[in-house]
Each structure stands twice: as structure tokens, then as C-alpha cells.
Amino acid sequence: MKRKITHKTNQERKTTALTVCFFAMSAAALFIFSNTQTACGMDDVAVSADTSAGTQLYTSESPSKALEILRADHQPTRWETACDSMPDMTERLHVNPVGNYAVVFNDSNYVHYAEAEPQGIVPINTDADLGRITKPLVHVRSNENFFVAELTHSFPYLIPQAYDLLNDIGRRFNSTLRERGGGDYRLKVTSVLRTEANVRSLRRVNRVAVDSSVHRFGTTFDISYTRFMMNHLQPPYRSAEDLKELLAEVLLQLRDEGRCFVKYERTTGCFHITVRRRDTDDKLAKS
């Protein structure tokens, strides 16, 4: 009797092991299939397109609660699975050259600062001070208009006016690209809100970074002109140079409309953009 029980127990163990193995292989297969479907952000069924990401306004009515929200991890959207590389073979895109970038987009740091300080947040020292911000901020997340890169010296938050400007830039870029023959690309945001600690840390590795960084006010963001997020499954493919020129066209339009100030940053490969106040033009006209 004892031998029969032992034999039965071993058999059960074998059955259990086979069952576990089966479920493990099934889970692995499902994971691989899921990853294949979501590569380059192409899964429209399994992962919903979170087009409203970043639209929630956060205020610090309760500093501790605000800090908890601002630091909270978010669920990645399908827009955060895009591929970051440019194709080898490209088709020319019709662009309207804006001229010398350094001359056209030469709004000085003084101009950006004078516009940012009155409408932005009070600069904070570290991320631990996020909870004491008294003005509303928007959590900036990747969506159909832009992609937020991995941020090493800033946090993904902007004042509402700057967030609206960023979305408008992305929308105009995408719309113009479609009108001129297509290609599925998104702008890449490389820097957003910085703390004083971020600025000090950045200055150690970037000699052009300044103490009086406008990024501290939540009014300013950087958009890369060398890298664009690309959907490899949707041609035609465009060159980075043509996409840069297209982005410059959009920025010049918005700048001429009085929506922003722009600085062309040669060493960092980005356009440095600060939102303008709605009443700035009225004040300038009266002066």
C-alpha cells in the first residue's frame, strides 16, 4: 500500500509539472504575440489609443496629494512604443525653407525669461518640492501629436498654456505632413520642467546650460530636430533634414502668430520653445 501511494504521488507531481510547463509556454507565446502586435505602436485593438493622455490638470490644493499625483507612475500608451530610428531610403518632401535657423529663431534667453517668469510657476529646488507648486500643471505624456523621450534632467509637466502650444505644434506638423504626401512621424520632446537641482546637474555635462534656465517655470520645452519618432510600417519614409525643415515652417507660423518664442540650439540639436502670454501683443501694441 505504501508503494502504491508513493507511485501515485510521483505521477501527480509529473502531471502538475506538465501543467505548469504548458501554462508557462502559453503565457510566453501570448507575450510574444502581444509584443509583435504592439511593435512601433501599431496595436489598435489590444491597446487603446490614449489620445487624452496628459489632459488632466493637477493643482496643489493639498501639497501632499499633489506630490503623490505628480510622482505617480502612469500606464504606458500605445504611442510610447514607437521606434526611434530614421530610414535609409527616403522620398523627398516638399518644404518651404525658412532661411538660416540661427537668424530666424534667435530669441534670446532674456526674451524667453521675461515672458516665462510672469506666467510660470515659482522655481523649485528638487522634485521633493513638486507638492508645493501653487499653479496648475499638466502631466505631459506621449500621444498622437508628440512623443516624450526618456527625461534625464527634467520632469514631464507644463503649465496649461504651454501644453496647448505643444499639442498645436504637433497637430500642425502632422497635418502638413499628410497634406504633402504622408509619412507617419511624431515630434520628439526632449526636455520639459527642470528643478534647480536639474539645472545644476545639467551644467556639469552641458557647458551651454545656464543657471537662469527658463525650463524652471514650466513654460518651456525642447523639441528635437535631429530625431523623429517613426512608424516603420507606414511609408513613405522621409529624411530627418526634410522633417526638420517642416518643423521649422510650423514654428515660424506660430511665432509669427505671437504664440511662442523660439531659439535654435545648434549644440543640443533642438528648438527651445517658450509659450507667450495671450496679452503680450496687446501690451506691445500699446507701448
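Are Phe105 and Phe271 buried or exposed? In this predicted model, Phe105 is buried, and Phe271 is too.

These two residues also pair with each other. Their ring centres lie 5.4 Å apart and their planes stand at 75°, so the pair is edge-to-face.

A second pair joins Tyr225 and Tyr264. Here the ring centres are 5.0 Å apart and the planes meet at 20°, so the pair is stacked. Tyr225 lies in the loop between β6 (220-224) and β7 (229-230), while Tyr264 is in strand β8 (residues 260-265), so the pair ties together parts 39 residues apart in sequence. Tyr225 has a relative accessible area of 6%. For Tyr264 the value is 12%. Buried means under 20%, so Tyr225 and Tyr264 are both buried.

The structure holds 9 aromatic pairs.

Now turn to the helices. The axes of α5 (residues 160-179) and α7 (residues 240-256) come within 10 Å and cross at roughly 125°. The two helices are therefore oblique to each other. Their crossing is right-handed. From α5, the contact uses Leu165, Ile169, Arg172, Phe173, Thr176 and Leu177. From α7 come Leu243, Leu246, Leu247, Val250, Leu251, Gln253 and Leu254. By class, this contact has 10 nonpolar, 2 polar and 1 charged residues.

How values were computed
Residues numbered from 1 in each chain as written. Predicted model: local features only at pLDDT ≥ 70, side-chain atom pairs only at ≥ 80, totals over all residues. Heavy atoms only, no water. Axes fitted to C-alpha atoms, helices over the stretch in contact; angles between N-to-C directions. Helix = DSSP H or I, 4+ residues; strand = E, 2+ residues; numbered from the N terminus. Parallel < 35°, antiparallel > 145°, perpendicular 65-115°, else oblique. Left-handed = near helix turned anticlockwise from the far one by under 90°. Contact = heavy atoms within 4.5 Å. Nonpolar A, V, L, I, M, F, W, Y, C, P; charged D, E, K, R; others polar. Phe/Tyr/Trp six-rings, centres within 6.5 Å; stacked < 30°, edge-to-face > 60°. Buried < 20%, exposed > 50% of the residue type's maximum accessible area, 1.4 Å probe, protein only.
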